[in-house]
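Here is a short briefing on one protein chain. It covers the overall fold, then a few helices and their packing.

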Amino acid sequence: EKGGYEHFMLKEIYEQPRSIRDCLRGRIYPNEGRVQLGGLQEYAEKFKNIDRIIIIACGTSWHAGLVGEYLIEEYARIPVEVEYASEFRYRNPIITEKDIVIAISQSGETADTMAAIEMAKEKGATIFGVCNVVGASIPRITHAGAYTHAGPEIGVASTKAFTAQVTVLTLIAFYMAQQKGTVNHSKMVELLTELDLIPEKVQQALLADAIIQEIAAKFKDSRNCLFLGRGSGFPVALEGALKLKEISYIHAEGYPAAEMKHGPIALIDEEMPVVVIATKNSSYEKVISNIQEVKARKGIVLAIVTEGDQTVKAMADYIIEIPDASEAFLPLLATIPLQLLSYHIAVLRGCNVDQPRNLAKSVTVE
Ligand code: M6R
């Protein structure tokens, strides 16, 4: 059942080249610079005039939502708000018939997400679902949507479902951009051609597993861990921290790298591991200065870097390389080593990786 892997989580991490490929199948036509999302087709016109999108979700799905915000704003130029379903439903949020709500849920059964959908629906919003489990409750109450096609996810810690959610949100962002004309044809051809290669790049990112296992052995007795990233690397940092805390019970926090000096920097000493997303993209230089700030306080830096990087390598205590990619696809690649890191740390600590204490795969109570 576990296909030769010791745990479902590891199997699911390794399935990602396949699950992302399945998620893209029949939806992208790189040569034509075209995205096709069957479920959204009847709303295609609506995208031209919408004022904003609200994304609602919980946990890891909420992190995928933050990546979605970055991508939709960048490419489709539509303002996005990302909300925890549990907060959204208990406020008195301003929602109109003009709004599009995207609800993200692996299980399609999360109680808070369902209640938030019902509320937004009553106020007249159009609801799209991004779900993994086919025929679950959420896909049945939404107006339209797109499945993530990641296949069954058994491990309580979400891995392949997250990357599939990010993939669908990337497609939604590109689809909306296509309808609105905010990305020109040749750029779209370029983006889709690169997206088509992401499953292979994820496969390459998995090759760092042995190195990650060694690094995990150094970090396994840590009591705390900080994860830092900027731009779309910030949700990756949040997701890395959540993975670590839920399966290894090490206290971890994700922060936007620049926020560190507004508080968390006080925590840094020679015992504090700091995982930094430091790939070569628009915030590279800024992240380098954040690494210097950590090193000046003797923190232990593990940097996720672009293959071949020398600058960060010279500064960090440990590095993990991922293949080079445009910023749009960074979250899909940078997440992989963080999943493996938390997995190996949890295994070394003797934790129940697939069924961590106190957690359920789907949270059907509020
Ligand atoms: O099924 P959902 O995507 O709605 O679940 C949301 C969260 O409960 C879920 O992502 C949770 O945070 C996972 N344990 C994360 O690994």
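The chain holds 14 helices and 12 strands. The model is predicted.

**Overall shape and burial**
- A compact globule of 366 residues would have a radius of gyration near 21 Å; the chain has 20 Å, so the value agrees with that expectation.
- Along the principal axes, the C-alpha atoms fill a box of roughly 55 × 45 × 45 Å.
- Buried residues make up 58% of the 366 in the chain.
- Among contacts with a separation of 6 or more, 76% join residues 24 or more positions apart.

**Helices α3 and α11**
- Helix α3 spans residues 59-76 and helix α11 spans residues 233-248. Their axes lie 9 Å apart, at an angle of about 165 degrees.
- An angle over 145 degrees counts as roughly antiparallel, so that is how α3 runs relative to α11.
- The crossing of the α3 and α11 pair is left-handed.
- From α3, the contact draws on Gly59, Thr60, Trp62, His63, Leu66 and Val67. From α11 come Pro235, Leu238, Glu239, Leu242 and Lys243.
- Sorted by class, the contact of α3 with α11 has six nonpolar residues, three polar and two charged.

**Helices α8 and α9**
- Helix α8 covers residues 185-196, and helix α9 covers residues 198-206.
- The two helices pack with their axes 5 Å apart, at an angle of about 45 degrees. α8 and α9 are therefore oblique to each other.
- On the α8 side, Glu194, Leu195 and Asp196 make the contact. On the α9 side, Ile198, Pro199, Glu200 and Lys201 do.
- This contact of α8 with α9 has four charged and three nonpolar residues, and no polar ones.

**Helix α2 and its cover**
- Which residues of helix α2 (residues 16-24) are buried? They are Gln16, Pro17, Ser19, Ile20, Cys23 and Leu24.
- What covers the buried residues of α2? The cover includes the helices α1 (8-14), α7 (160-180) and α14 (330-348). The pair described above, α8 and α9, also contributes. Strand β1 (28-29) is part of the cover too.

Technical notes: Residues numbered from 1 in each chain as written. Predicted model: local features only at pLDDT ≥ 70, side-chain atom pairs only at ≥ 80, totals over all residues. Heavy atoms only, no water. Axes fitted to C-alpha atoms, helices over the stretch in contact; angles between N-to-C directions. Helix = DSSP H or I, 4+ residues; strand = E, 2+ residues; numbered from the N terminus. Parallel < 35°, antiparallel > 145°, perpendicular 65-115°, else oblique. Left-handed = near helix turned anticlockwise from the far one by under 90°. Contact = heavy atoms within 4.5 Å. Nonpolar A, V, L, I, M, F, W, Y, C, P; charged D, E, K, R; others polar. Rg over C-alpha atoms; globule rule 2.2 N^0.38 Å. Buried < 20%, exposed > 50% of the residue type's maximum accessible area, 1.4 Å probe, protein only.
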